[in-house]
Amino acid sequence: MAGIQNLKGLAKAEKYYTDYGTRAKELRAQGNRVIGYISALSPVEILTASGVVPFRLKGNVEEAITKGDAYMETIVCPFVRNVFDSAIKGKFHFIDGMVLPHQCDSLDRTSDIWRDYLNLSYFHFLNVPHVTDEPSIEFMKEILRLFISTIEDFTGNKITVDSLKKAISLHNENRRLMRSLYDLRKSNPPLITGSEMMKVLVAAMGLPVYESIELIKEIIEDVKGRKPLTDGQRKRIMLIGDQIDSVIITDTIEKAGAYLVMDDISIGSKMYWQDVDEDKEPILALAERYLRKLKIPTTFVDTGGTYEENLNARFGHMRKYIEEFNVEGAILFIYKYCDPYGFEVPAIKSYIEAVAVDVLYLEDEYSISSLARMKTRIEAFLEMIA
Amino acid sequence: MAEEKKGRALATKAAASIPKFVRGNLAATIKAKEEGKKVAYAYIADGQDEIMRAMDIVPAWGESFAGVCAAKRDAEKYLQKAESDNFSRSLCTYATCTIGFDMIRSELGVDIVPDAPWGGMGRPDMILGSAQLLCDPRFKWPQATQHYLRDVPIFVGAMYYPPFDPKLNHHEQEKFYVKYCTEELRECVKFCEKHTGKKMDWDRLAEIVELSDKTWDLFIDTYELRKAIPTPMDTGDAMNTMVPLTFNLGTQEAYDFYKQLYDELQEKVKNKEGVVEPEKYRLIWAAGLPSWFALGDFQYFNSKGATFPVEVTYRGCEKIERLELPKTSDPLEHIAWRWVRYWTHWYDKARKRPGSLPKVERIIEYIEEYKCDGVVFHSAFSCRSWHAGIIHQAETLKKVYKEIPILILEGDIVDISSYNEADTHNRIDAFIEAVDAYKSRMG
């Protein structure tokens with residue numbers, strides 16, 4: 001473990017990516033409590049304020065589901081099933097509890113299964129609504145207060161306004177730094193590859209926020225000093241999807257001859273693009289950030305205006321990314337059995353294509369079992385847009 | 001038109017009158033324009049029924065039309081149409097069926113889609129969706145539909161209930177949940193007022209809500225007659241007789257239907273007239289929407305001497321007195337309490353039996369009250385809402401209750417492509433043998 005602590009920047013991120021959970025295990029061994037969470041919808045600020053180590057759960061696309069299917073139907077989101085499979089196999093033995101936010105049916109309808117079979121000391125299903133109007137903000141505040149009271153009961157630590165504000169400030173700093181790192185992808189060629197970025201994103205989500213801040217700072221320094229990584233003309237690609245957390249996917253895209261320069265994925269820009277308003281009362285600010293600012297398909301957005309206005313409100317950030325990062329093609333990678341994303345595919349596709357950026361839509365499992373087929377389709381797409 | 005399978009023979013006269021009901025509901029959406037009424041795409045169990053009825057908005061129920069398409073084995077053309085624009089087959093096929101239908105409507109530039117089963121649904125003036133703990137398509141389906149009907153405004157309200165947590169007291173949470181649901185219903189009223197140009201008649205709404213309460217009570221009184229041995233009606237019929245409760249709540253027709261069904265069942269009970277003779281096995285349909293294209297499978301169960309005196313599916317109500325609703329003069333708040341308590345009123349029971357779940361307590365209650373010998377679930381591959389978690393329910397039932405025979409059937413609600421009749425019947429045969437052995441063991 002001392003070895004990892006001696007590493008810096010990208011080398012450290014690589015190690016944390018490869019041995020995911022290693023730092024959380026170490027902190028647990030030092031007497032800290034570790035709380036696992038799923039999805040960008042979990043308010044990590046509250047976990048940080050309570051003094052626990054937030055640890056985002058991920059699966060392993062290279063490992064087949066061998067135990068989870070005995071508990072969860074195969075119609076559940078393949079990512080959720082894979083993470084549960086890892087959990088039931090004991091791979092997250094170092095977590096004391098977990099928070100499961102109500103992002104989608106696959107989480108909501110399996111919450112009893114997580115609670116009843118993992119037998120964790122702490123479990124909370126955070127019933128985040130899907131609607132974003134004024135009554136929903138008030139409701140979200142109640143839901144956050146309930147979450148706070150349960151985590152306080154578990155840890156014995158009172159979450160004060162000050163501790164929450166401090167945690168919000170730290171997570172905002174973490175987000176600002178990550179956005180600065182993303183900025184280094186704007187040059188052509190980008191200064192950091194998509195696979196390197198994937199490793200940083202995964203490493204960061206397994207660390208306490210103050211360690212993530214230090215890691216990202218080191219990486220920015222590393223990367224800033226680099227000369228452009230590759231020569232030659234390559235298409236600049238944006239990856240869109242939910243929890244894509246493996247370099248196997250990013251490698252496939254980049255080895256096919258593209259620069260992966262931006263993402264709209266759950267562990268990436270979705271986590272880091274929107275700050276919590278530090279000038280507002282913290283519970284309200286958190287409610288607004290997670291309900292209104294976060295761009296995920298499970299919050300219903302309707303401006304009351306035209307369909308085009310609604311599309312801008314739902315997907316306008318993607319066009320911004322296209323402009324800012326000079327994106328020339330997009331890969332929309334959706335997991336099978338995902339209703340929230342699945343119902344958006346025609347809308348997202350036509351919205352992006354309307355600004356003359358081609359979109360490759362892939363529907364697949366959270367698994368490498370069909371990697372060869374996916375590789376062929378990505379190669380064909382890159383040839384088409386070349 | 002695709003092959004139309006012969007319908008299931010029905011045990012009750014009332015169930016046989018249901019197709020007329022369904023056709024009437026669809027026809028009303030077509031005729032609405034002539035009558036100067038607005039049509040709303042609507043989705044079941046959203047709590048907005050009474051608001052629509054009080055404002056003379058004609059609901060066009062997506063699930064009902066998709067079910068009709070499936071039952072007539074004529075859904076494939078719509079599923080394929082949706083698939084042609086990248087809607088995956090793994091998505092809710094109720095939704096993709098009607099989206100395909102609206103894609104055709106949009107392409108043809110017509111209000112009435114030709115060659116649609118039973119005339120199809122009229123073009124909506126608005127879409128009323130709902131976000132809940134029930135199902136993601138209830139708010140994604142409207143958005144996806146709007147992609148093809150761009151001028152149609154959408155309202156999505158919220159109708160949540162406290163999730164079950166054995167360590168948390170849901171009673172403390174109910175109040176803020178009901179407040180939220182009530183406010184969302186009020187937002188729904190505002191939206192409907194804006195798009196109909198009419199003001200809500202609150203007295204009329206109160207009357208309709210009262211009628212719904214009466215209908216809930218009568219529905220349960222009627223269905224409880226099925227406790228009789230032999231049972232006078234089984235789930236095969238209930239998949240029809242759910243229509244007035246599910247799609248016509250708040251109307252006198254719905255209430256009258258259950259009065260007629262009540263009288264018919266009472267007569268059958270008096271005459272000891274069962275669904276099958278002899279009634280050898282009594283089963284519970286414990287969860288899962290049926291395969292609408294294969295309702296004849298209930299008859300296959302019947303041919304083995306098995307009946308379903310009770311089901312969880314589409315029993316979307318409870319006796320009002322059992323819900324212990326707080327008094328309120330606000331009809332919207334009453335609706336909110338009714339829905340929240342509908343879901344939470346099994347929680348206390350579940351908390352008393354360690355390791356249990358509200359859904360499992362409900363199944364246990366029905367097994368005991370309806371004297372069931374076996375449990376059947378149906379897992380539909382395109383619907384996570386009702387079908388994710390069935391394995392857990394089955395396992396929990398065995399763990400906290402007893403080793404009762406359980407069958408989990410697999411198929412879909414609309415998409416026939418994954419259905420295999422021979423395989424399904426083989427599984428039913430094996431299950432019936434297990435139930436028979438269980439009954440012998442239990443004496």
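In chain B, four strands form an open sheet with parallel pairing, in the order β2-β1-β3-β4; strands pair if DSSP finds at least two bridges between them. The model is predicted: local features need pLDDT of at least 70 and side-chain atom pairs count only at pLDDT 80 or more, whereas totals for chains, interfaces and linings use all residues. Residues are numbered from 1 along each chain as its sequence is written, and chains are lettered from A and ligands numbered from 1 in the order in which they are written. Helices (H or I, at least four residues) and strands (E, at least two) are DSSP runs, numbered from the N terminus.

The edges of this sheet are β2 and β4 (154-158) of chain B, each of which pairs on one side only. On average, neighbouring strands are turned by 30° against each other, direction ignored; axes are lines fitted to C-alpha atoms, for helices over the stretch in contact, and angles run from 0 to 180 degrees between N-to-C directions. Three bridges in the parallel sense link β1(B) with strand β3 (residues 126-131) of chain B, and Ala40(B) has Met126(B) of β3(B) as its bridge partner. Helix α8 (residues 170-196) of chain B lies across β3 and β4 of chain B and runs at about 165° to β4(B).

Helix α2 (residues 18-31) of chain B reaches 20 Å between its first and last C-alpha, close to the 20 Å expected at 1.5 Å a residue; the expected span is 1.5 Å times one less than the number of residues. Its buried residues are Val22(B), Asn25(B), Leu26(B) and Thr29(B). They cover an arc of only 90° around the axis, which puts them on the same side of α2(B); the arc is that of the directions from the helix axis to the C-beta atoms. A residue is buried if 20 or more other C-beta atoms lie within 10 Å of its own, exposed if 12 or fewer, and partly exposed in between, with C-beta atoms placed from the backbone. The elements covering these residues include β1 (39-42), β2 (58-61), α4 (62-71) and α11 (243-247) of chain B.

In helix α12 (residues 252-270) of chain B, the buried residues are Ala254(B), Tyr255(B), Phe257(B), Tyr258(B), Leu261(B), Leu265(B) and Lys268(B). Seen down the axis of α12(B), they fall within an arc of 150° and so line one face of the helix. They pack against α1 (13-16), α9 (202-224), α10 (235-241) and α11 of chain B. The face turned away from the buried side of α12(B) carries exposed residues, among them Gln252(B) and Lys270(B).

Between α12 and β5 of chain B, the loop contains Pro278(B), and the peptide bond from Glu277(B) to Pro278(B) is cis, with omega near -10°. Strand β5 (residues 281-287) of chain B is largely enclosed by the rest of the structure, because seven of its seven residues are buried. Four bridges join β5(B) to the parallel strand β6 (residues 306-311) of chain B.

Between the chains, 41 residues of chain A are in contact with 44 residues of chain B; contact requires C-beta atoms, placed from the backbone, to lie within 7 Å. The greatest contribution to the side of chain A that touches chain B comes from α8(A), with five residues.

Methods: Two residues are in contact if their C-beta atoms, placed from the backbone, lie within 7 Å.
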